[in-house]
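Thank you for letting me take a few minutes of the meeting.

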Amino acid sequence: MTARGDRLLGLVLLVLAVAYGWAAQQWPPPFGGHEAVGPQTFPTILSVVLALCSCYLIAKPDPDTHWPASRTLMELAVAVLILIAYAVLLEWLGFILSTTLAVGTLCWRMGAPVKNAYLTGFIGAVLVFVLFNHLLELSLPGGLLELERWTH
Amino acid sequence: MDTLNFLMQGFAVALQPQNLMFALFGAFVGTLIGALPGLGPANGVAILIPLAFTLGLSADTAMILLTAVYAGAMYGGRISSILLNIPGDEPAMMTCLDGYPMAQKGKAAEALAISAIASFMGGLIGTLGLILLAPVLARFALTFGPAEYFALFVLAFATLGGITGKNPVKTVIAATLGIMISTVGIEMATGTQRYTFGVLKLYEGVDFILAIVGLFAISELMLFIEERAGAGRKLIQVGKLSLRPKDILDTLPTTVRGGILGFIAGVLPGAGASLGSFISYTLEKQYLGKRGHFGEGDPRGVAAPEAGNNGASSGALVPMLTLGVPGSGTTAVLLAMLISLNITPGPLMFTQNADIVWGVIAALLIGNFVLLLLNIPLVGFFVKLLSVPPMYLLPVVTMVAFVGIYSISHATFDLYFMVAFGVFGYLLRKLEIPLVPIILGMLLGPEMEKNLSHAMVLSDGDWSILWGSPLAAGLWTLAVLGLVLPYLVGPMLRRRMRESMTESQTSD
């Protein structure tokens, strides 16, 4: 049982704490100069607390939790990519198409049969689109389908 | 008598048709969310926050909606416990012990009905306790100065982390990270830009709604992908309900005891609903001794933890509403909502925003009746929902969160930010860093800094003011205890809960 996870975390946090604290010292002193608390005081305290905690973590790490195997890691990366692609395509493709693709692909990657997966995505997309655009009067992008034209 | 007047005003707010409608909707959606294994009340409230914003709900309506979701999720948690032996969240764990055996004996309908009634009673007792206790505590909290508030915030972090994490250092790290995120943006007093890197979007700071939805909802999806909890589950058939009034009367004393115990557990910061359901069940088991057959499907074993966990959920609102210090993860999310509505939670809220506080309390009372009425006839529907495999459900839930965030600002940038928070949240969960203190840090950070600088101005730069008054010193002591005690008690509590789970399973 190694404890690399926590050690690494401690190290990253230590770097963060130092960078954060250092940045705080760069701000010009507040106008008037001698106030007890300036914009840098609170961040300085925080960086000290974080630095102490990260040192503790490096010295006394918890045993590692179970990290996913590389295959699962790939699946996770794919899921994150799907979400990012969803955000990129949302306005261009329009809500219904991009949602069908994103939700469908996610369902499929999670093990649903392809047809069911994209059907779920499509039905979900249409339901939410109707709910948001008609009942709640919040406009979601129509995109390529230009659904707004006949919804307004 | 003041309280009664205020409560009447609260009812006037809660009974407005629009508010009543949202309470109904919230109770329904909350029950759905609670019934789904894996989605707890904190996620449920987090997913609905964007909706409350995009709809442009007024503060009282938004709070009523979210409180109803919260109460509903607490109700719903029991359904998967009883039918699948899978607790929807931690507080629902104890309900498995007798609920599942009852269901196996063909008494699923009875178990569901008894638990609904117990939830109702527990919620009612908790809300009554809230009505009695909250104003008193609020009046007491008015005597707090900036130093006391600073100490109180430290106490909040110390106790909240205790339940959610195992390692107190990690709790401190989480809280510190959260506060650090809150310092991003333009500092109010001097106008200094802090950690904005010249990015215009960051001038106003990091939006915690994005952070909450990302941290909870997106990371939940990722954890699920990792665990691949598989397809739909075998459902136990719910037979016809044959509940006699005598059955309800038999469980009534248990329910009342459970509700009171649960409420007390809920008020204690950091203890929350898990402790509420646990002590209600164990004390009832001890109290009844040989007269009960706990673990084999005793109806009282269903009633006690359900009354306890619903009593606790109302109890957790007491410190949240009166001190601005949430008693549980979900109340922390509710607090986020209040702050984003520009309402400073705390004792002043009782005078400045009396309509909201009392509206929420009245809505909670109404919500409990609604939930009872909703739960008895609709239980079949909720049961059907449990057969939907999570591989369809989670992507759809994620999509709803996505769209909710998008509709607030119509900015794609926010979506990237939310996904980034999701990945961050997943990593933190894997490293066993609790998420709730991060949220709390983001929420309370600015208030903490403000109180710190006020205190320093008062003392002319003397740091000892922070622990100078007896009250402040007392709060600091409690904070240290709060950090250390759960370290000892928390694992024990969790172990005991697991043990009673496995015990009952092996004795099958």
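This is a predicted model: local features need pLDDT of at least 70, side-chain atom pairs count only at pLDDT 80 or more; totals for chains, interfaces and linings use all residues.

Let me begin with a cysteine: the sulfur of Cys55(A) lies 9.3 Å from the closest cysteine sulfur, which belongs to Cys53(A), and that is too far for a bond. Residues are numbered from 1 along each chain as its sequence is written, chains are lettered from A and ligands numbered from 1 in the order in which they are written, and side-chain values use heavy atoms, with hydrogens and water left out.

A disulfide is a covalent bond between the sulfur atoms of two cysteines, and here it is counted as a pair of cysteine sulfur atoms within 2.5 Å. Over all chains, a search of the whole structure finds zero disulfides. How exposed are the two cysteines I mentioned, Cys53(A) and Cys55(A)? I call a residue buried under 20% relative accessible area, exposed over 50%, and partly exposed in between, using a 1.4 Å probe and protein chains only. Cys53(A) is buried at 10% relative accessibility, whereas Cys55(A), with a relative accessible area of 39%, is partly exposed.

Now please look at helix H4 of chain A, residues 95-109, which has 15 residues and reaches 21 Å from its first C-alpha to its last, close to the 21 Å expected at 1.5 Å a residue. That expected span is 1.5 Å times one less than the number of residues, and the helices (H or I, at least four residues) and strands (E, at least two) are DSSP runs, numbered from the N terminus.

Is H4(A) mostly covered or mostly open? It is mostly covered, since 11 of its 15 residues are buried, including Phe95(A), Ile96(A), Val103(A) and Leu106(A). What covers these buried residues includes helix H3 (70-93) and helix H5 (114-135) of chain A, together with helix H8 (208-227) and helix H16 (390-409) of chain B. Just after H4(A), Gly111(A) takes a positive phi of about 115°.

If we leave aside neighbours within four places in sequence, Leu321(B) is in contact (heavy atoms within 4.5 Å) with residues including Leu130(B), Met349(B) and Phe350(B).

Next come the aromatic rings. Rings of Phe, Tyr and Trp (its six-membered ring) pair if their centres lie within 6.5 Å, and planes under 30 degrees apart count as stacked, over 60 as edge-to-face and the rest as tilted. The whole structure holds 15 aromatic pairs over all chains. One of them is stacked, with Tyr86(A) and Phe402(B) 4.6 Å apart centre to centre and 15° between the planes. This pair crosses between chains, from Tyr86(A) in helix H3 of chain A to Phe402(B) in helix H16 of chain B. Tyr86(A) is buried, at a relative accessible area of 4%, and Phe402(B) is buried at 1%. Phe140(B) and Phe144(B), by contrast, form an edge-to-face pair, 5.8 Å centre to centre with 80° between the planes. Here Phe140(B) is partly exposed, at 43%, while Phe144(B) is buried, at 12%.

I will finish with two backbone details in chain B. Tyr195(B) has a positive phi of about 50° although it is not a glycine, and it is placed in the loop between strand S2 (193-194) and H8 of chain B. Glu432(B), also a residue other than glycine, has a positive phi near 60°, and its place is in the loop between helix H17 (412-430) and helix H18 (436-459) of chain B. Tyr195(B) is buried, with a relative accessible area of 12%, whereas Glu432(B) is partly exposed, at 29%.
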